[in-house]
Amino acid sequence: MRLLVGPGGVGKSRLAVELGVQLGPSWGVIEVRDDAESDALPRWRAAHRRQVLIVVDYAETRTELASLLEEVAADGGRDTRVLLLARSAGEWWQRLGGGSVRVRGMIAEAGQGIELGPDEGIDSPDGEVARAIPHFAKRVGVASPDEVRVEFGGERPRMLDLHAAALVAVLHAAASNGGQVRVQVGDVLEELLGHEQRFWLQSARAWGMLGGGSGLAPVTVERLVAAGTLLGASDEGLATAVVARVPGRPASMDAARVAVWLRELYPPDEGHEWLGRLRPDRLAELHVTRVLNNAPELLDAWLAGVEERQRRQALVTLARAAQDHVAAAGILERLLPMVVGEVGSVPAARETLAALYQALPYPSDMWAEANALLTRRLADSVQPDADPAERAHWLAGLEVHLGELGRHAEALPLAEEAVTIRRELAATYPDRYRPDLATALHNLSVRFVELGRPTDALPRTQEAVTIRRELVATYPDRYRPDLASSLHNLGVLFSHLGRPTDALPPAEEAITIYRELAATYPDRYRPDLATALHNLGVRFSELGRPTDALPPTEEAITIYRELAATYPDRYRPDLASSLTNLGVRFSDLGRPTDAQPPAEEAITIYRELAATYPDRYRPDLATALTNLGVRFSELGRHTEALPPAEEAITIRRELAATYPDRYRPDLATALTNLGVRFTELGRHTEALPPAEEGVTIYRELAATYPDRYRRDLATALHNLGALFSAVGRHAEALPPTEEAITIRQELAATYPDRYRPDLASSLHNLGIRLSQLGRHTEAMPPAEEGVTIYRELAATYPDRYRRDLAASLHNLGIRLSQLGRHAEALPPAEEAVTIRRELAATYPARYRRDLAASLINLGIRLSELGRHTEALPPTEEAVTIQRELAATYPDRYRPDLAASLINLGIRLSELGRHTEAVALAKEGVAMYKTLNGQDPERFQEPYAASRELLRLLTEMDHQQGAGGT
């Protein structure tokens with residue numbers, strides 16, 4: 001067996017024909033047609049005993065080739081030779097090598113094949129044309145032209161081009177009756193196609209099928225040939241169906257007769273095909289491309305409902321055509337949605353697979369699996385003696401696609417191998433490969449982050465930055481954009497590591513570079529500047545600097561609006577993402593009313609995008625819906641917050657059902673969020689199932705990828721405990737809270753910067769859970785440990801963690817009070833007020849609510865110490881704040897105001913001011929009555945309690961009025 005490889009048009013088929021001729025009459029030749037591989041040799045042996053040469057063209061596309069080779073091996077090698085023709089030896093050839101021992105021996109003997117290059121056997125292009133002309137002239141039956149001038153242009157001609165040029169020269173000479181003939185090699189296929197078209201019309205006229213009211217128009221004839229070539233047909237019925245798909249055939253003309261004409265036009269070779277096809281293949285590909293480019297609507301009509309084999313033939317034909325014709329690439333892109341199931345596994349040459357890969361949509365959930373399959377096949381098809389950089393290229397592509405599928409553990413070794421290859425190349429050829437090494441290091445760091453190993457990612461990212469700084473020192477114009485990208489990524493990585501202070505400088509340096517680049521090349525770099533500004537806002541937010549976070553976020557929006565106005569398809573998604581981010585920034589500033597419009601605008605954009613490109617944008621729509629629910633919640637509009645949260649769940653469930661590795665984590669997060677929305681509505685029974693389902697999903701994910709998902713599992717457990725607490729099931733709230741603490745303690749021991757804040761939050765919650773169970777002594781240690789951690793964090797990152805320190809101090813005071821340690825409870829309550837007063841002075845919209853809560857708490861602590869006169873001012877101040885908040889955001893703050901009015905009534909009653917106390921209590925009860933009418937499940941208990949307190953205060957007021965005490 002021998003394997004002959006080379007691109008289309010170099011003469012593989014011609015060489016096979018010549019070999020058959022030279023073997024002589026004692027040898028038979030079988031040209032094996034598609035789908036005839038398994039019985040080709042048995043059929044020959046049934047009729048002949050002589051020697052046979054088996055020729056298999058397009059061997060890389062033959063799904064039954066292994067069966068043929070098994071038959072040859074079983075034949076004992078007696079007078080049987082196999083010649084395989086393919087455009088390349090690749091993954092398909094390696095896969096054949098996994099067959100039986102006998103077949104493996106045949107593969108090993110053939111090695112990597114004999115390669116025919118584009119100029120193989122072409123000593124002189126002019127001479128090759130001159131040698132071919134007499135043969136074509138004899139075949140056509142005309143005299144050879146007297147003089148032929150061949151213009152080759154800039155392209156290196158293949159053997160097919162030269163033979164086509166010779167044929168065109170002969171045809172020109174016959175038409176011009178001698179003289180000099182001039183031929184341009186670049187146009188010969190077009191000219192041959194013109195001659196073929198005249199042949200079709202002459203044949204159709206001879207069959208009585210052309211012209212007139214009941215005949216075929218010339219354009220219909222061209223389309224019939226194209227459809228037959230693109231789809232093929234294995235029997236007469238399928239061929240008739242192909243004809244029926246071509247518009248323009250008069251109703252009176254029998255489709256079956258047209259199919260017979262088409263068969264006679266290009267008779268099939270012996271085998272399973274009933275329809276032949278236009279030859280050579282490059283001419284067929286040119287014709288199909290021209291017809292479908294001129295009439296794009298034909299593609300849907302031809303492909304709808306055809307057999308899988310016909311879809312595959314169309315796919316391979318257009319992928320081959322795309323290697324030579326730009327228009328074919330566009331047609332291939334339109335074909336792809338019709339052949340989703342075939343793309344990843346279609347048997348084809350390496351070059352064809354590469355053309356398919358280039359045509360696949362990216363990024364795309366629908367095509368993520370096909371992208372991964374193709375890149376794996378392309379990586380596996382790289383020959384052992386090929387340039388290592390080529391394997392590194394495909395490995396890098398494969399690991400990116402696997403990452404998109406959520407298969408990060410599979411992607412990691414590929415990323416590591418790509419780094420190893422490129423490091424070795426960079427050591428030998430630093431100028432050529434150090435940029436590629438930096439890219440590979442970046443990709444490897446992404447894989448580590450996705451696997452929950454940011455510490456392993458950091459040195460790779462820092463090395464990428466170092467390499468690119470050195471490259472910029474030598475070639476600033478070329479590599480400054482890459483350096484800015486690496487700095488941007490370094491900032492994101494520091495953020496993942498819980499080092500927000502370290503994250504800010506590289507983010508700011510990236511902005512500086514992008515501003516300079518955008519000033520010079522605005523069209524090229526303003527999008528990058530907008531992305532960097534978007535992320536700078538996130539970095540400031542992580543530092544607890546929401547005022548600083550807003551300007552870069554708004555500037556990013558401005559840029560994206562301008563870009564989207566000019567290039568809506570390209571930049572509206574980025575605009576929507578930044579609008580969602582702007583809503584979060586306003587929320588951080590305590591401006592929920594300002595946060596709502598950008599969140600709603602983002603939803604509008606994503607809905608429109610998802611309606612057109614559901615595969616690409618439904619995940620983004622789900623994220624935006626989740627955020628919209630949060631925005632409604634912040635406004636106290638809990639009923640309106642629920643529908644977007646539920647819609648997000650619907651989308652996430654559908655995505656997770658199709659792409660579980662990628663979207664189950666998002667589903668789990670959305671389920672936890674839905675539980676919170678139900679709780680806000682007082683629908684506690686409905687809140688728990690989604691939260692519990694979210695924990696179940698994260699538990700399964702964490703069992704497989706502990707580094708990646710244990711943090712998320714801890715968060716889901718933390719939230720589940722809070723939900724159990726909200727529904728009054730305090731005993732059940734404790735285990736998930738304790739499990740969350742265990743996980744976070746282990747994580748914080750390994751990554752303290754990243755996970756100590758989460759641990760402090762869980763400790764804070766554990767104190768509350770234990771307190772709710774009446775285990776006040778046990779509640780103290782976690783509450784105190786939480787305060788200790790937040791003090792240390794706030795000392796390093798005051799902007800980020802002073803608010804958390806204040807919250808933990810607020811609750812520590814409550815824990816001490818529950819133990820009757822009232823004197824010790826006062827200092828943390830006072831410190832919480834001090835911190836929150838400072839925060840509210842800087843960010844009033846964000847922190848005045850928290851300040852009011854701490855002022856109420858301070859009043860209670862002072863009251864417990866019998867300092868009733870001192871308890872009144874902070875309580876009054878709290879009511880003042882909450883009246884102002886409720887006037888602006890009544891849905892959100894009226895419950896707080898109602899509780900504070902009741903509390904102020906108690907403080908006044910303690911001072912003997914019972915009439916004032918009753919008036920405030922009545923106001924509070926009236927509010928609770930309204931709230932209870934709107935949401936009885938949530939407000940029934942506080943409404944009942946406030947009425948009982950009002951009754952007691954009223955009695956006291958009456959007693960005081962009657963002269964009692």
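Is D436 buried or partly exposed? At 22% relative accessibility, D436 counts as partly exposed, where buried means under 20% relative accessible area, exposed over 50%, and partly exposed in between (1.4 Å probe, protein chains only).

This is a predicted model, in which local features need pLDDT of at least 70 and side-chain atom pairs count only at pLDDT 80 or more, while totals for chains, interfaces and linings use all residues. Residues are numbered from 1 along each chain as its sequence is written, and side-chain values use heavy atoms, with hydrogens and water left out.

Select R432 next: its side chain meets that of D436 in a salt bridge (3.2 Å, N to O). A salt bridge is a side-chain nitrogen of Lys or Arg within 4 Å of a carboxyl oxygen of Asp or Glu. The two residues lie four apart in helix 21, and are therefore separated by about one helical turn. Helices (H or I, at least four residues) are DSSP runs, numbered from the N terminus.

Proceed to helix 22, residues 454-474. Its buried residues include P454, A457, L458 and T461. Among the elements that cover the buried residues of helix 22 are helix 21 (430-450) and helix 23 (476-496).

Now select R652 in helix 30 (residues 638-658). R652 is buried, at 6% relative accessibility. Its contacts (heavy atoms within 4.5 Å) include P619, D666 and A670, not counting residues up to four places away in sequence.

Finally, display R775 and E778, which form a salt bridge with the closest N and O atoms 2.7 Å apart. R775 is partly exposed at 31% relative accessibility, and E778 is partly exposed at 41%.

Conventions:
Expected span 1.5 Å × (residues − 1).
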